[in-house]
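Please read it alongside the sequence and coordinates shown here.

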Amino acid sequence: AKQNITQANFITIKIKKMANTIQTIQKTREYLDYVERHILNVNKAWEELNIKCRLKGFNWIYDDFIWNTINENIKHHDLSKLSISEFVQYRQYFYPAEGEEKNKELMNEGWMHHLGNNPHHWQYWTERDYAYPNQKLIYLIENICDWMAMGYEFGDTAKEYYENNKDKIILPEWAIKEMYKIFEIIYPQVS
């Protein structure tokens, strides 16, 4: 009888571990689905900017070098989220399996890696000097696409995101002006 209890306990433990493994796989799938949606939404935002801002006098539309650089950046947007330095950290924090604790320190390490490898984040491009004068503009446009993509996912707009967080977002004056010119076109005021 004692052997049956021990065997039953062993089986119960194995089943619980298997259930946790299955849930971790499901949470990993959910996170991958989110990353895929985000990348697709960034591409959708870039298409929207191209359509709505065409014929509006923006040099990033007509300058082949600037446009092609932004286009290439968009194709590779946030791929570091799939890296060993970010993937598990983000998944565990935003899509934890049952019993997994959100590890803020690990998440911060992932976030710092992300910022250091994705120059479209304002925290990156505003802190650097570039030899090419339009480099910051290139990153600003991708930054706007990133915020637009987040808006598609979470039900707001890039403009609303900026306005709700501008006390924490430090942008140069030229970038704010350029961004609001774009916002006026993509989010026209209805009278």
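Asn118 sits in the loop between helix H5 (104-117) and helix H6 (122-125); helices (H or I, at least four residues) and strands (E, at least two) are DSSP runs, numbered from the N terminus. The model is predicted: local features need pLDDT of at least 70, side-chain atom pairs count only at pLDDT 80 or more, and totals for chains, interfaces and linings use all residues. Residues are numbered from 1 along each chain as its sequence is written, and side-chain values use heavy atoms, with hydrogens and water left out.

**Asn118 and its surroundings**

- Asn118 counts as buried at 5% relative accessibility; buried means under 20% relative accessible area, exposed over 50%, and partly exposed in between (1.4 Å probe, protein chains only).
- The side chain of Asn118 makes a polar contact with the side chain of Ser80, at 2.8 Å.
- A polar contact is a pair of N or O atoms within 3.5 Å; within protein, one must be able to donate a hydrogen and the other to accept it, and residues adjacent in sequence count only if both atoms are side-chain atoms.
- Apart from neighbours within four places in sequence, Asn118 is in contact with Asp78, Ser80, Glu86 and Tyr124, where contact means heavy atoms within 4.5 Å.

**Positive phi values**

- Asp78, one of the contacts of Asn118, has phi near 55 degrees, a positive value in a residue other than glycine.
- Asp78 is in the loop between helix H3 (64-75) and helix H4 (87-94), and is buried at 2% relative accessibility.
- Leu55 also is a residue other than glycine with positive phi, near 65 degrees.
- Leu55 lies in the loop between H1 and helix H2 (59-62) and is exposed, with a relative accessible area of 74%.

**Nonpolar cores**

- In the largest nonpolar core, which has 35 residues, Leu49, Trp60, Leu171 and Ile182 touch the most other members.
- A nonpolar core is a set of buried Ala, Val, Leu, Ile, Met, Phe, Trp, Tyr and Cys residues joined through side-chain atoms within 4.5 Å.
- Two or more residues of this core come from each of H1, H2, H3, H6, H7, helix H8 (158-165) and helix H9 (173-186), and H7 gives the largest share, 10 residues.
- Beyond four places in sequence, the contacts of Leu49 include Trp60, Ile141, Ile144, Cys145 and Ile182.
- A second, separate core of nine residues includes Tyr31, Tyr90, Tyr95 and Met107.
- Ile182 is in helix H9 and is buried, with a relative accessible area of 0%.
- Not counting residues up to four places away in sequence, Ile182 touches Leu49, Cys53, Phe58, Trp60, Ile141 and Ile144.
- Ile182 and Lys159 are 23 residues apart in sequence, with 9.5 Å from C-alpha to C-alpha.

**Cysteines**

- The whole structure has zero disulfides, a disulfide being a pair of cysteine sulfur atoms within 2.5 Å.
- The cysteine sulfur closest to that of Cys53 is in Cys145, 9.2 Å away, which is too far for a bond.
- Cys53 is buried at 0% relative accessible area, and Cys145 is likewise buried at 0%.

**Aromatic pairs and charges over rings**

- There are 17 aromatic pairs; rings of Phe, Tyr and Trp (its six-membered ring) pair if their centres lie within 6.5 Å, and planes under 30 degrees apart count as stacked, over 60 as edge-to-face and the rest as tilted.
- Tyr34 and Phe154 form a tilted pair, 6.5 Å centre to centre with 40 degrees between the planes.
- Because Tyr34 lies in helix H1 (residues 2-53) and Phe154 in helix H7 (residues 135-154), this pair ties together parts 120 residues apart in sequence.
- Tyr34 is buried at 10% relative accessibility, whereas Phe154 is exposed at 55%.
- Phe183 and Tyr187 also form a tilted pair, with ring centres 5.9 Å apart and planes at 45 degrees; Phe183 is buried, at 0% relative accessible area.
- Ring pairs link Trp147, Tyr161, Tyr162, Tyr180, Phe183 and Tyr187 into a cluster.
- Arg128 lies over the face of Tyr124, 3.6 Å from the ring centre, and Lys102 lies over the face of Tyr93 at 5.2 Å.
- A charge sits over a ring if NZ of Lys or CZ of Arg is within 6 Å of the ring centre and within 35 degrees of the ring normal.
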